[in-house]
Amino acid sequence: MTDHALLLVNLGSPASTNVADVRRYLNQFLMDPYVIDLPWLVRRLLVSLILVKRPEQSAHAYASIWWDEGSPLVVLSQRLQEQMRKQWSHGPVELAMRYGEPSIATVLTRLAAQGIKKVTLAPLYPQFADSTVTTVVEEAKRVVKAQGLNMQFSLLQPFYDQPEYLDALVESARAHLQQPHDHLLLSFHGLPERHLHKLDPTGQHCFKGSDCCQNAPAEVLATCYRAQCLRSAAHFAERLGLADGTWSVSFQSRLGRAKWIEPYTEARLEELARQGVKKILVMCPAFVADCIETLEEIGDRGAETFREAGGEELVLIPCLNDDPNWAAALNRMCERAPVML
């Protein structure tokens with residue numbers, strides 16, 4: 001045991017399904033400038049409008065998938081933490097949530113009190129986005145500066161194309177894919193297109209052509225969420241030998257009126273059902289733990305959308321969750337995480 005801790009970070013969850021707790025969580029989440037990248041006053045007005053009705057709607061959705069132990073996202077992340085304790089040999093393994101509890105500030109303060117001076121920061125997001133990876137890094141930096149902590153960080157890089165991640169993803173899905181089905185849909189979390197435009201270092205590439213992601217140069221690919229999602233999907237399909245036309249990609253969880261990455265999952269489910277697909281399998285490779293976006297948005301509402309459009313059965317393939325193969329893969333990737341400047 002050394003003074004080198006591993007800190008797993010996931011998105012977070014409301015403390016309960018009570019409307020007040022959901023409102024508090026949504027306010028923290030949506031007021032993050034990396035999530036809604038608008039000036040503070042505009043963001044505050046928009047979020048205040050959202051918080052009039054959405055907390056009650058979201059509370060109902062959370063209640064429909066809540067476990068006796070608590071939020072599925074938190075419980076599954078805790079189970080992964082236990083698996084990682086069997087893998088990580090350098091020091092303690094902690095878990096924090098970007099929104100809600102346990103917060104990054106709470107955990108880093110506790111580690112500092114234990115004499116920890118080195119932390120490998122592991123945002124549990126395969127693909128890069130400001131609204132996931134950057135906000136975790138910036139919050140860790142903020143806490144260190146605000147509290148005067150003496151810590152050096154290594155950072156797990158987005159692992160969308162790493163062999164360990166892809167192999168774990170394939171093995172977790174292999175048995176599910178052996179059941180009879182008509183189509184496999186890989187549904188990634190969506191983002192507003194403006195997030196991608198903003199991060200295009202050339203200013204001349206993103207959405208400039210239908211094949212922009214396939215031809216993304218290295219400097220664009222490094223921060224292009226859509227291109228990384230498509231790379232993950234292509235590598236996954238190649239490893240399994242999936243034939244063209246038997247699988248496709250979509251993007252879910254659109255919020256607001258802005259243009260988001262297409263095709264939208266809801267529209268894609270309707271389209272596939274109308275084309276005669278009767279049984280569809282859905283995976284959500286942007287998530288490593290099942291949560292409201294997978295269990296409720298896809299498993300419940302997505303299945304209803306598919307049936308109403310003429311489909312018969314939607315099967316949600318679980319995320320990696322606490323799979324031991326995934327824990328071993330994550331450990332290997334964290335071991336080689338570079339020091340953060």
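Guide: Let us begin with a single residue. Val288 is buried, for its relative accessible area is 3%. Please bear in mind that this is a predicted model.

Visitor: Where is Val288 found?

Guide: Val288 sits in the loop between E7 and H11.

Visitor: With which residues is Val288 in contact, leaving aside its neighbours within four places in sequence?

Guide: Its contacts are Asn10, Leu124, Pro126, Phe159, Cys319, Leu320, Asn321 and Trp326. Trp326 also belongs to the largest nonpolar core, which has 117 residues, and is listed there among those with the most contacts inside it, together with Leu8, Leu108, Tyr225, Phe236 and Leu330. As for distance, the C-alpha atoms of Val288 and Pro14 are separated by 18 Å, and the two residues are 274 residues apart along the chain.

Visitor: What surrounds Leu108, leaving aside its neighbours within four places in sequence?

Guide: Leu108 is in contact with Leu7, Ala140, Val143, Leu149, Met151 and Phe153.

Visitor: Is Asp167 buried, exposed or partly exposed?

Guide: Asp167 is partly exposed, because its relative accessible area of 39% falls between the limits of 20% for buried and 50% for exposed. This residue lies in helix H6, residues 163–177. Its C-alpha atom is separated by 27 Å from that of Gly302, 135 residues away along the chain.

Visitor: Over how many bridges do E7 and E8 pair?

Guide: Strand E7 (residues 279–283) and E8 pair over 4 bridges, in the parallel sense. For Val282, the bridge partner in E8 is Leu316.

Visitor: What is the strand order of the open sheet that contains E1?

Guide: That open sheet of 4 strands has the order E2-E1-E3-E4, with parallel pairing. At its edges stand strand E2 (93–99) and strand E4 (152–155), each with a single partner strand, so one side of each lacks a neighbour in the sheet. Strand E1 (residues 4–12) pairs with E2 in the parallel sense over 6 bridges, and Gly12 stands opposite Tyr99 in E2. Helix H1 lies across E1 and E2, running at about 85° to E2.

Visitor: Finally, how can one tell from its span what shape helix H2 has?

Guide: One compares the span with that of a straight helix. For 26 residues at 1.5 Å a residue, a straight helix would span 38 Å, whereas H2 (residues 40–65) spans only 33 Å between its end C-alpha atoms. H2 bends by about 45° at Leu51, and Pro55 follows within four residues.

Visitor: Which residues of H2 are buried, and against which helices do they pack?

Guide: An α-helix has 3.6 residues a turn, so residues three or four places apart point the same way. In H2 the buried residues include Arg43, Val47, Ile50, Leu51, Pro55, Ser58 and Tyr62. The buried residues of H2 pack against helix H1 (19–30), helix H3 (72–85) and helix H11 (292–308).

Methods: Residues numbered from 1 in each chain as written. Predicted model: local features only at pLDDT ≥ 70, side-chain atom pairs only at ≥ 80, totals over all residues. Heavy atoms only, no water. Helix = DSSP H or I, 4+ residues; strand = E, 2+ residues; numbered from the N terminus. Expected span 1.5 Å × (residues − 1). Bend = angle between axes of the 7 residues up to and from the residue. Buried < 20%, exposed > 50% of the residue type's maximum accessible area, 1.4 Å probe, protein only. Contact = heavy atoms within 4.5 Å. Core = buried A, V, L, I, M, F, W, Y, C linked by side-chain atoms within 4.5 Å. Pairing = 2+ DSSP bridges. Axes fitted to C-alpha atoms, helices over the stretch in contact; angles between N-to-C directions.
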